[in-house]
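Subject: Structure handover

Hello,

Here is the structure for your files. Notes on what was found in it follow below.

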Amino acid sequence: MEFKFTQENLNRIEQETKKYPVRKPAVMAALYIAQEQNGYISYEVMKEVATVLGITEEEVLGVVTFYTMYHQKPMGKYHIQVCTNVSCMLRGGYEIWNQIKEKLGLDHMAVSADQKFSLEEVECMGSCGTAPMIAINEDYYENLSKEKVEEILNGLSATLSKEEGV
Amino acid sequence: MEKILLPDIKNLHLIDVYVSNGGYNAAKKAFTQTPDDIIDQVKKSGLRGRGGAAFLCGLKWSFMPKTTDKPKYLCINGDESEPGSFKDRQIFEFNPHQMIEGAIITCYAIGAKTAYVYIRGEYHKWIKLLQKAIDDAYANGFVGEKMKETFGTNFFCDIFIHKGAGAYICGEESSLMNSLEGKRGYPRVKPPFPAQNGLWGCPTTINNVETIANVPKIIEKGWEWFSNIGHPKHPGTLLFGVSGHVNKPGVYELPTGTLLTDIIYKYAGGVPNNKKVLCVIPGGTSMPPIRGDKLEGVRMDAESLKEVGSAIGTGGVIVMDEDTDLVKVLARIAHFYHHESCGQCTPCREGTGWLEKILKRIIAGKGSVSDLDLLITVANQIEGNTICALGEAAAWPVKFMVERFRDYFEQRVSKEISLPVANKVHSMRQTAVPLADVKN
Amino acid sequence: MPKIFIDGKEIEFKQGQTIIEAAKDAGIDIPHFCWHPSLSVSGNCRICLVEVEKMPKLVIACSTIAAEGMVVYTQSQKTLAARNAVMEFLLINHPLDCPICDEAGECKLQDYAYEHSIGESRFVEEKVKKEKRVPLGPRVMFDGERCISCSRCIRFCDEIAKDPELTFVQRGDRVTITTYPGEVMDNPYSMNVVDICPVGALTNTDFRFKARVWEMSATKSICNGCARGCNIDIWVRNNEILRLTPRHNESVNSYWMCDHGRLNTFKFVNDSSRIDSPHIRKEGQLVKVGWDEAFAEASSRLKSFSKDEIAVIGSAFATCEDNYLVARFAKSVLGTGHLDFIHHNDPSFEDDILRRSDRTPNSLGAKLVGVRPSKNGLDFNSIIKAISERRIKALYLVEDDTIQNDPEIENILAKLDLLVVHSTNYNKTTDIADIVFPASTYAEKNGTFVNFDGMIQRIKPAVSTLEADRALEGMAMSRLDKFGTRWDRWAQGVKFDARPTWRIISGLSSVMGYKFKYNMAEEVFKDIASGITSFNHLDYDIIGEQGFKIKASVLEKEILE
């Protein structure tokens, strides 16, 4: 599927390029913007990013596959990231990982059939002092317990069913 | 104790509050002095880098060429990805203007017109918080061209945030620069060093967020004041991030040289259920761990930790109680470095995976005593042979954990174990066993 | 000159050289995978780690600049330990498929495993799985598991081919190399990545699984694909050419050659269209005859024309030696000044890397040794015109398919009373020739080419013809050539009854009463060297393996004459 940036997003990318003496560094921001617009980063997206910034598509591909936050497939509406690194692990990170895995019936980098949820086991997110933690999309949820996780997930489901009801 | 970085002032993150508490006065003062004066004061203050290597900050600045046709750059490292580290986000959230003020003073000192703050992509919230602070600073004429008017100087500089996208290695300074240039975050071969050949081939200085945030106070209160705080060879305060098995995990700003036991028991509230401490990693997962029975008298600064065979790193203190499964912890750490190895150079690309696989095998009950030696050997074969310090970061926890908890690890493995051996094919040359005697 | 010490040996170096470069110039080989003299330094393989006095850690020789008085140890305990470590790491995930790997025998990983490795693996885990048999392009196949991520191929595409078609993707031990999905690596130089790949990760789709390296002989030669004259090795097994690879010559082609030269300039040598023994047209059909009969027929028929009715066409595909005798044959034996050769120019072929629009290897050489019209002689176009006007009735044509080059010429040549042709393969021109002499290809003879730049370069026989014996002629021998028996699968290659043009001319001249006293191409060259200024004082030894460049001033003067 062909991909074109919206004019607004093109403007945002142009704004990003102004930070740097050359256009290339804006590739990282452009990819975020593309992911926001398209949901994930397809090969068409990479091509368009390359064109917009005047760099090669191979360069864009190399960048996309290097960084974990660029997704090459559509993730769920709620992308749940669970930290299991040491500080979280010591405070129950794996229990939460297993809890969410079971509850959603998903494994690492899997997406639910209805595209509502996806799950990722992530490396340290910098919340060691408020461990264990998860992040849902861009938001951190810290100082978690099994009960809190249950509450959060139920909350998400409730929001979803409310939206569908409307 | 006076706090330098995170003082107890309400709403200090707001520009008005910051200014009404004397904010941006240090910058004003700095612009009445020469850049060399600033570098000199920072040198004399003894300020050392807070990003892990504890390199002398003023010395690093002095490496920047005085005469060059090229633009110079300042990079502020807020990648903060070392497991156990969560201090820079406190500065972004609670005292961003002090870092911004530090950035403009540093730019002035090293002659940079542009500063980039590289922040890990996961910190969406803190990127927004810092961006708001930067926008406010621009609006109030503390950053950008309007600085000239505000401070009555010919100098001005810009500050931009560059958002990372999920790669621990980008906290390594040369990798950070490649990432900032929009490339794969591959560390660069050194020399040349950033001061000669940094961003886009131009002279560049890279400092940690916390390091930069110290600068305004040094200028404001003088280098002597700063050098008298904490350990004389590593002065100032540190933002200790305490995590793991403590009652009150969090960030504590304390003078360098504070007793590790004080951090754990006095500030972080001790270990839950009064359990014994089995192991402490004092500076983020890549630093050599210390045994729980060797904590007495250990002081938290670069020099003191070196003496006990560890390092200050990012000051991220991870506490593990007596019930912790150290093999699992080590396997998790090994997994992290395996996951984060950029894959550029051989020892790290191949060695990190090997370490993880051995540890996973031990957890699966298929490890033997010889595997413990193998772990140390593999770690030693990575250490010192790589392009960047991720090699050491991956090797040290394995090597020192196994060495220092040898008794513990030996209990977890069998004396000997017979494994299907996949790769004994060319071992005959070394052992020179007659063919007829070769089994398997 | 400043000096460094390598393993106690004092070595001079040029300012700015790295340790590995200084060592190389002094004949010391420091192990390396990712470093390549013509590519940027990447420093990723770490096998060149060496101990340097006063340095806290080992340093990589490929990126460390040599400094006066530096003391380097390439064999110290620390250095060897690091080298062994790197080798062990490289091998843990490397497949053990050397028995079917094309690279085996010329694999750096294999060589270093033998030379520098401890000879034992302690790795008992499962290896990392990656994609195998991935066509990166039409001419190059990739095996991800064999790849050691040295980035040479990526740097080659970026820096030499100027077409950044490859990139690393993923991280850590999952890193692999790819083109952009849906696109292929098809730059005109793509196959060089096969040569510079230090392992068997990149293979030549034309050569894959055709031979073990040690079954072939390698003969130093020159590509005949264009006037660049890229230095090459011709790889032969069972008297059949299986591949060409570029040979280093910094002043001609560096380490590279184009894919066209590599693939399309040798297959005619062993093709079924080769002409085997001389042929004479009898009752409309070309009939195989012996050399004596062919010489006698050519001699008597040529003699039936007046000097002005005969024209001779030399060849920019033939050697200087061939063309020298063609010129002398025309002038002294036939007595004609209607002498020229055909130019093959294709501007679309030219680029600013290696390829030249002149698609022949020796047009400058042909010209220098005298293949050009004499004062009142006709040039090629005039000859064709004269043939169509029946002023020229006999044409002696050497090693060029005139009709393939210009189909309209077929009707004109049909007007000839006699067409004598030297040719390696049957073609449209031999189809209408009266007498056909089978010519040896460039891969079957000694001789010299002069490239567009005035570089005189030697070619040597790699494939033997009926008249040649590999051992007696001093040709390169493979194991099979040396030890093969007639029961071996690979010891019975076809040999064609063909001769170099200079020898054919010599034989024919002899029958026509003019003796050239040459037994070897080298003797022809001796005469060229004494008679033609550009070649003065030269011999095959002086030209050697890297060629001899004619001074521009000399060359200019001689061409203008």
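**Strands of chain A**

A:I80 has A:L119 as its bridge partner in β2(A). Strands here are DSSP runs of E with at least two residues, helices are runs of H or I with at least four residues, and both are numbered from the N terminus. Two strands pair if DSSP finds at least two bridges between them.

Before going on, note that this is a predicted model: local features need pLDDT of at least 70, side-chain atom pairs count only at pLDDT 80 or more, and totals for chains, interfaces and linings use all residues. Residues are numbered from 1 along each chain as its sequence is written, while chains are lettered from A and ligands numbered from 1 in the order in which they are written.

Six bridges connect β1(A) with strand β2 (residues 117-122) of chain A, and these two run parallel. β1(A) is also joined to strand β3 (residues 134-136) of chain A, by three bridges and antiparallel. In β3(A), the residue opposite A:I80 is A:I136. Strand β1 (residues 78-83) of chain A is mostly covered, with five of its six residues buried. Buried means that 20 or more other C-beta atoms lie within 10 Å of the residue's own; exposed means 12 or fewer, partly exposed is in between, and C-beta atoms are placed from the backbone.

**Chain B**

Chain B contains 19 helices and 13 strands. Its C-alpha trace spans about 90 × 50 × 35 Å along the principal axes. A compact globule of 440 residues would have a radius of gyration near 22 Å, and the 24 Å of chain B agrees with that. The radius is taken over C-alpha atoms, and the globule rule is 2.2 Å times the number of residues to the power 0.38. Of the 440 residues of chain B, 59% count as buried.

Contacts are counted when the C-beta atoms of two residues, placed from the backbone, lie within 7 Å. Among contacts in chain B between residues at least 6 apart in sequence, 70% join residues at least 24 apart.

The chain is divided into domain 1 (15-228), domain 2 (231-321) and domain 3 (326-412), with bounds that come from an automatic or database domain assignment. The centres of domain 2 and domain 3 of chain B, taken over C-alpha atoms, are separated by 23 Å. Their contact takes nine residues from domain 2 of chain B and 11 residues from domain 3 of chain B.

**Between chains**

44 residues of chain B are in contact with 32 residues of chain A. On the chain B side, α14(B) gives the most, with six residues. By class, that side has 17 nonpolar, 17 polar and 10 charged residues. Ala, Val, Leu, Ile, Met, Phe, Trp, Tyr, Cys and Pro count as nonpolar, Asp, Glu, Lys and Arg as charged, and the others, Gly among them, as polar.

Chain A also touches chain C: nine residues of chain A are in contact with 10 residues of chain C. Helix α4 (residues 57-66) of chain A gives the most to the chain A side, with seven residues.

**A sheet in chain C**

Three strands of chain C form an open sheet, in the order β21-β22-β23 and with antiparallel pairing. β21 (447-450) and β23 (548-549) of chain C stand at the edges with a single partner strand each, so one side of each is left without a neighbour in the sheet. Four bridges join β21(C) to strand β22 (residues 455-459) of chain C. C:I459 in β22(C) is the bridge partner of C:G447.

Regards
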